[in-house]
Structures are given as structure tokens and as C-alpha cells.
Amino acid sequence: GFKTGIVGLPNVGKSTLFNALTRTAAAQAANFPFCTIEPNVGEVAVPDPRLDKLAEIAGSKQIIPTRMTFVDIAGLVKGASKGEGLGNQFLANIRECDAIAHVLRCFEDGDVTHVEGRVNPVADAEVIETELMLADMESIEKRLQGLVRKVRGGDKEAVQQERLLKEALAALENGQPARTVEVAEDDAKAWDMLQLLTAKPVLYVCNVSEDEAAQGNAHSAAVAAMAAEQGAASVVISAKIEEEISQLDAEEAEMFLSELGLEEAGLDRLIKAGHKLLGLQTYFTVGPKEARAWTIPEGTSAPKAAGVIHGDFERGFIRAETIAYDDFIACGGEQGAKDAGKMRAEGKGYVVQDGDVMHFLFNT
Ligand code: GDP
């Protein structure tokens, strides 16, 4: 599955947010096998109203949303790249994540100590980014040394790795995170394998006080501007509100949200933003037994998409019967879509589109 690591300085609201996130997900998804894998790892359902509509039309008994994993990565302090705090363990945890949700303190509260003694989320973001950049530089230099012999021997993979590591190092030495390096398509796989910390996509999560959750504040505006400059994303959230919502049932939660002038729980926005940040999209399988959402990266071919359900589906792939979401709804379901000529037979080369309702035919 896809994993997002929640990072941030101490006392910015990471744990509050993580706990709310997993508790809400557990409560909302009664028929979804929620699990807390480890105390700091939780799986959450990706909210998608389309799935409920499909299930309603098809009379599906069960609704199974697609999932996303969040990891609460505590212990980042200034000096982490030098092994201070939980330094190394912390960096290893981030390395395993596909994306980073960076929680920034945007709330003023004299009772909650700020480790740097002032509320300045843009400066906080830099503190963390700097640690990650230093850690990347150190690991690159080590890896370059380790490659010398293989490169001399003409090992093609080693030559490619060395070239990419040097490009990343040049960016870092220039004060830029590795995600600013433009990577050719042929290098994409090798680049991902390098698992550089600053190559991972970042979502800034602005934790504002309860009364600012709807509009945000000057701090969150500054973060949004910084994010735009970096090609990163940002969301405004109040961890305190999310904590309260996580203790309410769905109806109460909706009333509470509308009182606050919020259309959607911050967690839902956060999960959706995480999904988008990772370049993920959703396709559906719909039947009387269940309506289910599946996650794939944008640009995934039909056989690869089938493989998310089961490896046999990919290996024995024959074709896919496909109905676009809008057609499925407009025609009142599968039979209607079929009658209207909206069901397409697609082969191996088909690139699955967001919202496609898929039915795979395969050899066993
Ligand atoms: P972490 O160290 O980043 O995991 O931070 P915690 O989630 O443990 O939060 C640190 C403290 O800040 C706790 O006392 C929280 O109750 C408090 N806190 C978290 N979010 C907010 C918020 O939005 N407003 C206020 N006033 N306090 C918050």
C-alpha cells in the first residue's frame, strides 16, 4: 500500500492529528478491516462519495473503500541528521514512506511550548527540510564511495546510480531538495530506488486553532505561499477539532462541522490531498456482493490495474469491460450502460482512467 509519513517538530500536533485520523477511520468504516498495524501506523479509508453512489445503484451489500497508510514519525529535532533525538530510526522510517505530510504549528497558545520559542511555520519547515537535506547529502556521499569499484568495472546500473546521485548532490549543495531534480522517464525507476528523503512529495499540514479552521490565518497563508513556490501542496486543519470529531458519530460530526462553517472534515481533505499528492487515482469494481475502490498510480495500464486485485488477473489478462463513472450513473447502472453502448472492451494497452468501473476477463 501507499504510505504517508507524518513529520514535524515536537509539540506541533502530530500525535493529536494521527490519533484523530485513525480513530475516525476506525469508527466510520464499520465493514472495513481497519487495523492499527503498530501503535504509530494506521490505515485509513480514502473517502469517495462516488463509491457510495455506485453501491446504491448496483444494490451492493458491502462497500469497501480503498485505503492509505499513515505513519506517525515522532522524534525529529534539530540535529536529527547527526543522530540526535531518535535521529537514525526516524530517518529510516521516513525513507520507507512514499510521501511526507509535514505538520506545521500555526496556532498560538502560550500553554503549549514551542521548541524554538516562537510560532513561525515557514522557519520550522526549513529546520526539518535542512535536517533531511543533510541526511540525504551524507547518505549520498557514502553511497558514492560504495559505488566506485562497480563503476570502474563498467557495471551499467552502478553508472546510472552514480550519475543520479551526483545530480541529487549538486541540487542539495545548492540548497535545493532532491525533488527539484528533473528526472528523465528512463531514470524514474532507478531514481525512486535511491529513496532520497528530500525527493519525496510533501504536503504541508497547517495546524490552526479551532476558530481559524475555516479561513486559516496569516501563518497558514505564509505556508501556502511557500508551498506554491516549491510545487508542494498545503491544507489547513485544526487537529483539536479533528480530535473532537473523532469522538462523535457521523450525524453529530456533520452538525458540528456546519456550526464551524466547514463543509468537510479536515481529515477527509487531508486524505484526499495525500492521494492526489502521490499521483494516485481510483477505479471501481461493482457488483451485488460488493462495491469496491482500488488505488492505482496515474497512467496505469489495464493489466497492471487488474494486478492490484490479484496477480493472476494480470498474468492471465484477456481484456477489460469498462464503463466510465459518469456513464454508469447516467445510464442507471451496468445493464443500462451496456444497452446504451457505453460499455467498452479494452485491451492490454488501455490506460485506466480515474473513476472507471472495471470488469476483468482473464485466463487462469
Ligand atoms: P506532537 O509532539 O507534534 O505529536 O504534538 P501533540 O499532538 O502531542 O500536541 C502537543 C500539544 O499541543 C498537546 O498538548 C495538544 O493538545 C496541543 N495541540 C495540538 N493541536 C493544537 C491546536 O490546534 N490548538 C491548541 N491550542 N493546542 C493544540
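Predicted model: local features only at pLDDT ≥ 70, side-chain atom pairs only at ≥ 80, totals over all residues.
Let's begin with the annotation. An unreviewed UniProt entry lists Asn-11, Val-12, Gly-13, Lys-14, Ser-15 and Thr-16 under "binding site". To place two of these residues on the structure, find strand β1 (3-7) and helix α1 (14-28): Val-12 sits in the loop between them, while Thr-16 belongs to helix α1.

How do the surroundings of these two residues look? Val-12 has 25 other C-beta atoms within 10 Å. A residue with 20 or more such neighbours counts as buried, so Val-12 is buried. Setting aside residues up to four places away in sequence, Val-12 touches Val-103, Leu-104, Arg-105 and Asn-207. Thr-16 has 17 other C-beta atoms within 10 Å, and is therefore partly exposed. With the sequence neighbours up to four places away again left out, the contacts of Thr-16 are Ala-239, Lys-240 and Glu-243.

Now turn to the ligand. There are 16 residues around the ligand, and those that come nearest are Gly-13, Lys-14, Ser-15, Thr-16 and Asp-109. Which helix gives the most to the shell around the ligand? That is α1, with three residues. Helix α8 (239-245), like α1, supplies at least two residues of the shell. By residue type, the shell is made up of eight polar, five nonpolar and three charged residues.

Finally, have a look at helix α2, which spans residues 49-58. Its buried residues are Leu-51, Leu-54 and Ala-55. Viewed down the axis of α2, these buried residues fall within an arc of 100 degrees, so they line one face of the helix.

What covers the buried residues of α2? The cover includes the strands β4 (62-64), β9 (280-286), β10 (290-297) and β13 (357-362), together with helix α13 (325-330).

Technical notes: Residues numbered from 1 in each chain as written. UniProt positions renumbered as here; feature names shortened; annotations may be inferred. Helix = DSSP H or I, 4+ residues; strand = E, 2+ residues; numbered from the N terminus. Buried ≥ 20, exposed ≤ 12 C-beta atoms within 10 Å, placed from the backbone. Contact = placed C-beta atoms within 7 Å. Near = placed C-beta within 6 Å. Nonpolar A, V, L, I, M, F, W, Y, C, P; charged D, E, K, R; others polar. Arc of directions from axis to C-beta.
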